[in-house]
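Colleague: Could you take me through this model? I would like to start with the overall picture and then turn to particular places.

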Amino acid sequence: MRSALSWPGAPMALVSAALFGASTPLAKLLLGGGLDPWALAGLLYLGSGIGLGAVHLSRGLFGMPSTEAPLRRADLPWLALVILCGGIMGPLLLMIGLTTTAASAAALLLNVEGLATMAIAWLVFRENVDRRLLIGALAILAGALLLSWQGGPSGVGIGALAIIGACAAWGIDNNLTRKLSSADPVQLAAIKGLVAGSVNLALAWSRGAVLPSPGIMASGALIGFFGYGVSLVLFVLALRHLGTARTGAYFSTAPFLGTVLALALFPESLSLKLIGAAILMAIGLYLHLTEQHQHDHAHEAMTHEHRHVHDSHHQHVHGPGDPTGEPHSHVHHHVPMVHRHPHYPDLHHRHEHDH
């Protein structure tokens, strides 16, 4: 039976998590200079969109056409919801939370995104989640509650609630992005960044936010390109191989890198509450990362379009207009098949499970 650290989905999700995790304390550094939270949210996504847009256009200029499937008209409603939840609501709530929450605590609280992603995938989209993943999710939730609780009548802080709200918005975003995971991830992330960044900056300026210095703008754009843009591209690629819930589980490593970086950048002490929350979240993450899944399963007939090679799931005949080299992308048909092998809820394994 193969390890849960499956190639190439898990490495992509882990690198995506590392990039996003580092962006949180770095964004707080920019907020410390008096930058408006809404303006920073716009800069992060606009930097992502401009950078990835340049990458997308350069592929044609340098004779390296994409082998990915382009976004189609039917994808536009899903794309609009992804931009609203993940590109506008999520970053805005995070920036608001960062203004009143310690960077290390904020970084660990981002573990709730993985929990929200998995809960929505299981309850709404009926993706298979076993007992091991559920216990791990409860451990992550316990760590998040411990970290956000301030004690006394104040209870959970407003900053922590804003960050948890951002995680919920991104959890919805991640599940909706699964609907688009067969399309070109660079094109998807570029459009999301350009639209969300422009909207957030326009709203910030309508509230009276002033234009930051060129250095701040460049820093925000650079953090956004790697922490939001490249991270999203890798996340979408991981979705193809792992499904939403498991990609969210791997993505739960993001807050730990962010916490370590925050402790190095800010004068924050390593409290017992922080250590306890980290231990609980680490237990949950371990249970997620060591999950394995194998059983007899049936593939129904289906027709779709995505980047692929002619492996055991792609034994179709090409028409005269289809591409020849591999990997390639074109509309293709899958015949019914029943077999057994280790798998996750990727593009071809979104079948029902008996419980």
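This is a predicted model: local features need pLDDT of at least 70, side-chain atom pairs count only at pLDDT 80 or more; totals for chains, interfaces and linings use all residues.

Colleague: What is the mean pLDDT of the protein chain?

Modeller: The mean is 80, and 81% of the residues reach 70 or more; pLDDT is the predictor's confidence in each residue, from 0 to 100. Over residues 1-5 the pLDDT is below 50, although this stretch has 19 contacts in the model beyond near neighbours in sequence. Contact means heavy atoms within 4.5 Å.

Colleague: How many helices and strands are there?

Modeller: The protein chain has 12 helices and 4 strands. These are DSSP runs numbered from the N terminus: helices are H or I with at least four residues, strands are E with at least two.

Colleague: And what share of the residues is buried?

Modeller: Of the 355 residues, 54% are buried, where buried means under 20% relative accessible area, exposed over 50% and partly exposed in between, using a 1.4 Å probe and protein chains only.

Colleague: Which residues have the most contacts inside the largest nonpolar core?

Modeller: They are L40, L94, M95, W170 and Y228, in a core of 60 residues. Helices including α1 (9-31), α2 (37-61) and α9 (214-242) each supply at least two of its residues. A nonpolar core is a set of buried Ala, Val, Leu, Ile, Met, Phe, Trp, Tyr and Cys residues joined through side-chain atoms within 4.5 Å.

Colleague: What does Y228 touch?

Modeller: Leaving aside neighbours within four places in sequence, the contacts of Y228 include F20, L44, P91, L94, M95 and W170.

Colleague: New topic: how do α5 and α10 pack?

Modeller: Helix α5 (residues 111-123) and helix α10 (residues 244-251) pack at about 170°, with axes 8 Å apart. That makes them roughly antiparallel, a term for angles over 145 degrees. Among the residues that meet are G114 and T117 in α5 and A245 and G248 in α10.

Colleague: Lastly, is T290 buried or partly exposed?

Modeller: T290 counts as partly exposed because its relative accessibility is 29%. T290 is in the loop between α12 (272-289) and β1 (294-299). T290 and R132 are 158 residues apart in sequence, yet 9.1 Å apart in space, C-alpha to C-alpha.

Note on methods. Residues are numbered from 1 along each chain as its sequence is written. Side-chain values use heavy atoms; hydrogens and water are left out. Axes are lines fitted to C-alpha atoms, for helices over the stretch in contact, and angles run from 0 to 180 degrees between N-to-C directions. Angles under 35 degrees count as roughly parallel, over 145 as roughly antiparallel, 65 to 115 as roughly perpendicular and the rest as oblique.
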